[in-house]
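Take a look at the structure below. This report walks through its aromatic rings, its helix contacts and a few backbone details.

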Amino acid sequence: MIKVKPLALLCTLIIASSFQSVPSPSKMDIYRKGWIDLNKNGRKDIYEDPAQAVEARVQNLLSQMSLEEKSCQMATLYGWQRILKDPVPTPQWKNEIWKDGIANIDEHLNGFIQWGNIDKSKYSTDIKQHVEGMNATQRFFIEETRLGIPVDFTNEGIRGIEAYEATGFPTQLNMGMTWNKALVRQMGQITGREARALGYTNVYAPILDVARDQRWGRLEEVYGEDPYLTARLGVAMTLGLQENNQVAATAKHFAVYSANKGAREGLARTDPQVAPREVEDVLLYPFRKVIEEADLQGVMSSYNDYDGVPVTGSGYWLTDRLRKDFGFKGYVVSDSDALEYLATKHRVAKNLKEAVYQAFMAGLNVRTTFSRPDSIILYVRELNKEGRLPMEVIDSRVADVLRVKFRTGLFDKPYVASPKATEKLVNNTAHQAVALQASRESIVLLKNKNSLLPLAKNTGAVAVIGPNATNVEYAHTHYGPLASKSVSILEGIQNKVGVDKVLYSKGSELVDKRWPESEILPEEPNAEEQKLIDDAVATATRADRVVLVLGGNTRTAGENKSRISLDLPGHQLALAKAIQKTGKPVVVVLIGAQPMTINWIDRNIDGIIYAGYPGVKGGTAVADVLFGDYNPGGKLTLTFPKSVGQLPMNFPTKPNAQTDEGEQAKAKGLLYPFGHGLSYTTFGYSPLQITPEQQKADGTITISLTVTNTGKAAGDEVVQLYTRDMLSSVTTYEKNLRGFERVHLKPGESKEVTFTLVPDDLKLWNREMKHVVEPGEFAIMVGTSSENIKQRGKFVISAP
């Protein structure tokens, strides 16, 4: 397990200085010692006084706001080159609807325009100009609006803050495969610090969706398919982001978003087919835990329905569950066209005005989408004047927004003080070192027959072959840094063993010319495609060993890119078969955000590494693993099926729901189970110590064991604890992940690992849909994957 160290003192000093207020170039006499005269009335109002309680400040400000000003705090303004036509304020802004303020500005000056279209102007690429542009924009709202309510600058941040340059981490799925809570929290700290230093005060992260279908295009954005793992890493990320209130974290997508029929994307993201108990135990569980344990300040409402009721128009979801049951205190933004879809897709509202009414009455705080805010704001005003949207409802929605702005210090320190300090902080060497460690820890060793890996550094030439050997698009997916320097797999290997010892051949394109139609109507390679394969074979014959870099990339996966197949796209399998025939030792490195049905490779290739989307440092990390400078310890957070015909196939599962017992007409079993991952060393597990062996329903259970490195190399083991309720009033899961720890051990070293089960870990939804712990026997299973269980035990919860 990585030992989390404080970042360099320099970084701390930089970010602290970045939070200070700066004097206005306009020299307005509103900046006083320790406070800002935001309403320009010459006296310190309660909402302007940092010494006052947040709630008192919220109510004082609300009492001074007009309907026009309140309604402006209920909409998002998209940033430059999205909706805003100007990178910095112009005199025309005094004639725009945001002259009375705005809730937030999304993706302002962050460099993202559209997929494949990056802004390369000075406001994105030059950090000094960027900070000055953000400050100028904020200054308009502080100085040029009546009450000086600052804007909340929102931005994406699931693999580092989305900016032209920032520290680039692996995707959230890869971070899940580290199983390292401390590392994820450190990632959150870095992302939050860099965000605030760049002027962003609210980060859309973490994603708390739980994967249910391996074909889903957005798998790269989730931690995995287990709710407990998602919750624990989500808590860690949120605590890191919100440390010292440097930013607010806004989690997405609430609720029941990640269970689309057939994993369909695009406009088909609706109508999830999930039973009520699975909704509670799997899809809602991470949101509940992150809100309860990390005081999450933001939630994004999803644009799907559940059982016929659209989430963004549902008081049950946005008020009863989110606020009353879970205790959420922040503000809710809508995802893209979630509000509009009430009228245009779900057809539960006859027009946009009625959609506005339904959404805000249900509990939405801020409408966020890629169109001007005017229509929503004007409809809020109309609905209020008609007596349909009461002022007390508007006040409640606006208060939630203001509360978050006060908590993050926007009213007291609205500007970034030092562009120079920001330049030193963002993507600095200390942050990059953490990102590299994250890349290393996320890599999973799937197969290592006859200890083929690690490869020797100084033994002959290495042929690096495959469409993903030089393709680094995976390091620049949406929702993170756009142009931070990346290292390809080829470069990483060249840097490791020397350019003169590395041969390269592409071997095939990522997809064939007829893809994706070729997934249902496959064809043999044409002459041009066959030549690529033949050239790669010739390259392989001149080398002593081959690293074959295959899989998917941003063309085959991502938002709006679900698949109907999990096979290697294009002619990659033909390439693998041709290379294997050379008789050279072959290692396959898989790049991709989805499990791949690599049955032939699993049977015929001795070394297989799943690298996922390992981030901008991915090439370095993969080379470290290949040549033994880092012992892989990542574990799968997704089930790898043998065929899409087995789907749905995921973890956790109900008893026998995924068994092949008695089946006669299909291939059986999995390629790799949830939690699977090998190492270059071996580990031993001592018998479990369970204390007490009998406990009351409101008590805790402690499970401890000793893990020993029984091999010859230092390495990491992820110890996984699973429970099962042996007799219950309703069917429960075969295994419930209820604890995990990543531990680093030297050869011969032992460490004690202790888990504590609390009552919530044992609860089920009984036949009356009450969340309770039922008395009886519980099984404990501890092992190195969900199927490779090393030690077992049990305890009893006594009847009251």
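## Aromatic pairs

The whole structure holds 26 aromatic pairs. Rings of Phe, Tyr and Trp (its six-membered ring) pair if their centres lie within 6.5 Å; planes under 30 degrees apart count as stacked, over 60 as edge-to-face and the rest as tilted. This is a predicted model, where local features need pLDDT of at least 70, side-chain atom pairs count only at pLDDT 80 or more, and totals for chains, interfaces and linings use all residues. Residues are numbered from 1 along each chain as its sequence is written, and side-chain values use heavy atoms, with hydrogens and water left out.

Start with Phe254 and Phe326. Their ring centres are 6.5 Å apart and their planes stand at 85 degrees, so this pair is edge-to-face. The two residues sit 72 residues apart, in distant parts of the chain. Phe254 is in strand 9 (residues 248–254), and Phe326 is in the loop between helix 10 (315–325) and strand 13 (331–334). Helices (H or I, at least four residues) and strands (E, at least two) are DSSP runs, numbered from the N terminus. Both Phe254 and Phe326 are buried. Buried means under 20% relative accessible area, exposed over 50%, partly exposed in between (1.4 Å probe, protein chains only).

Next come Phe651 and Tyr722, also an edge-to-face pair, with 5.7 Å from centre to centre and 80 degrees between the planes. Phe651 lies in the loop between helix 21 and strand 20 (683–685), and Tyr722 lies in strand 24 (residues 715–725), 71 residues apart. Both belong to one aromatic cluster, together with Trp179, Tyr228, Phe674 and Phe740.

## Helix contacts

Tyr228 also takes part in a helix contact. Helix 8 (residues 227–241) packs against helix 9 (residues 276–294) at about 30 degrees, with the axes 8 Å apart. Axes are lines fitted to C-alpha atoms, for helices over the stretch in contact, and angles run from 0 to 180 degrees between N-to-C directions. Helix 8 and helix 9 are therefore roughly parallel. Angles under 35 degrees count as roughly parallel, over 145 as roughly antiparallel, 65 to 115 as roughly perpendicular and the rest as oblique. In helix 8, the residues that meet helix 9 include Tyr228, Ala231 and Val235. Contact means heavy atoms within 4.5 Å.

How do helix 17 and helix 21 cross: at what angle? Helix 17 (residues 489–497) and helix 21 (residues 618–626) cross at roughly 50 degrees, and their axes come within 7 Å. That makes helix 17 oblique to helix 21. Among the contact residues are Ile489 and Gly492 of helix 17, and Gly618 and Val622 of helix 21.

## Backbone details

Most residues other than glycine have a negative phi, and most peptide bonds are trans. Phe254 returns here: a cis peptide bond joins Phe254 and Ala255, with omega about 15 degrees. Ala255 lies in the loop between strand 9 and helix 9. The bond from Leu647 to Pro648 is cis too, with omega near 0 degrees. Glu107 has a positive phi, near 55 degrees, and so does Asn244, near 55 degrees.

| Residue | Relative accessible area | State |
|---|---|---|
| Phe651 | 7% | buried |
| Tyr722 | 0% | buried |
| Glu107 | 3% | buried |
| Asn244 | 67% | exposed |
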